[in-house]
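Subject: Handing over a structure

Dear colleague,

I am passing a structure on to you, and below it I have written up what was found. Please read the notes with the structure open beside you.

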Amino acid sequence: MKSSTTSRQIIDAADELFYAQGFGETSFADIAEAVGISRGNFYYHFRTKDEILDAVIAKRLSDREKMLRDWDEMSADPARRIACFVRIQIVNQTRIFAYGCPVGTLTAELVKLDHAAKDKANRILALFRDWLTRQFDALGDAADAEAHALHVLGWSQGVATLAQSFKDEAYVAREVDQILAWVDRVARQTGPANRQADA
């Protein structure tokens with residue numbers, strides 16, 4: 001149990017440090033210090049930083065899968081579920097202002113490094129794309145569902161980038177309102193017969 005607990009602490013600390021500092025700028029010593037363990041004890045759990053990276057990506061993927069399941073259970077209306085994704089820009093605004101999007105920044109860094117784990121990191125963006133596609137499909141817009149999903153996903157990544165750069169709360173609020181209005185228009189165009197009642 002102790003070993004498992006320490007491993008989770010290492011993964012959680014690495015997750016935060018990779019987000020705040022970047023994967024390339026985070027060392028074994030940084031993670032060990034954050035957890036409060038010796039380097040020797042650290043190597044007992046993870047031999048390389050790439051092993052930790054794999055564990056962090058797996059954690060992030062699992063966390064996002066749970067978040068999406070929670071949204072699915074929260075409402076029977078796909079437009080409301082999409083709105084949850086859109087509003088994450090405001091819910092996580094403080095952290096986005098400081099470090100950007102945790103998913104987009106790591107994926108971009110690993111692509112730039114041509115790291116072997118880049119495709120694993122990209123699974124999280126693919127998870128969002130596929131989930132959003134299902135929501136638009138459920139609205140009755142199967143033909144354009146993936147295009148709409150990519151529009152919302154691309155919008156979210158762009159807003160996160162500019163939010164980190166300019167730290168402008170009014171800009172983020174305007175963008176969120178505009179994309180929610182667009183989602184509402186798409187939902188109305190599919191016709192009320194294709195909309196499910198809110199749970």
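Helices here are DSSP runs of H or I with at least four residues, strands are runs of E with at least two, and both are numbered from the N terminus. Arg 81 lies in one of these elements, helix α5. Before going further, please keep in mind that this is a predicted model, in which local features need pLDDT of at least 70 and side-chain atom pairs count only at pLDDT 80 or more, while totals for chains, interfaces and linings use all residues. Residues are numbered from 1 along each chain as its sequence is written, and side-chain values use heavy atoms, with hydrogens and water left out.

If neighbours within four places in sequence are left aside, Arg 81 is in contact (heavy atoms within 4.5 Å) with Trp 71, Asp 72, Ser 75, Ala 76, Trp 131, Gln 135 and Ala 138. From Thr 5, Arg 81 is 76 residues away in sequence and 34 Å away in space, C-alpha to C-alpha.

Arg 60 belongs to helix α4, residues 49–74, and is also buried, with a relative accessible area of 2%. Not counting residues up to four places away in sequence, Arg 60 touches Asp 15, Phe 18, Tyr 19, Pro 102, Val 103, Leu 106 and Ile 124.

Two helix pairs

How do α4 and α5 pack? The axes of α4 and α5 (residues 78–91) are 8 Å apart, at an angle of about 140°, where axes are lines fitted to C-alpha atoms, for helices over the stretch in contact, and angles run from 0 to 180 degrees between N-to-C directions. The two helices are therefore oblique to each other (under 35 degrees counts as roughly parallel, over 145 as roughly antiparallel, 65 to 115 as roughly perpendicular and the rest as oblique). On the α4 side the contact involves Met 67, Trp 71, Asp 72 and Met 74, which meet Arg 80, Arg 81, Cys 84, Phe 85 and Ile 88 of α5. These contact residues of α4 and α5 divide into six nonpolar, no polar and three charged (Ala, Val, Leu, Ile, Met, Phe, Trp, Tyr, Cys and Pro count as nonpolar, Asp, Glu, Lys and Arg as charged, and the others, Gly among them, as polar).

Helix α8 (residues 118–138) and helix α9 (residues 145–166) have axes that come within 8 Å and cross at roughly 130°, which makes α8 oblique to α9. Among the residues in this contact are Leu 125 and Phe 128 of α8 and Ala 149 and Leu 153 of α9. The residues of the contact of α8 with α9 comprise nine nonpolar, three polar and three charged.

Aromatic pairs

Rings of Phe, Tyr and Trp (its six-membered ring) pair if their centres lie within 6.5 Å, and planes under 30 degrees apart count as stacked, over 60 as edge-to-face and the rest as tilted. By this rule the count comes to eight aromatic pairs. One of them joins Phe 18 and Phe 23, edge-to-face, with 5.2 Å from centre to centre and 80° between the planes, and both residues are buried. The ring centres of Phe 28 and Phe 42 are 4.9 Å apart with planes at 90°, so this pair is edge-to-face. It links distant parts of the chain, with Phe 28 in helix α2 (residues 28–35) and Phe 42 in helix α3 (residues 39–45), 14 residues apart. Both Phe 28 and Phe 42 are buried, and together with Tyr 43 they form one aromatic cluster.

Technical notes
Buried means under 20% relative accessible area, exposed over 50%, partly exposed in between (1.4 Å probe, protein chains only).
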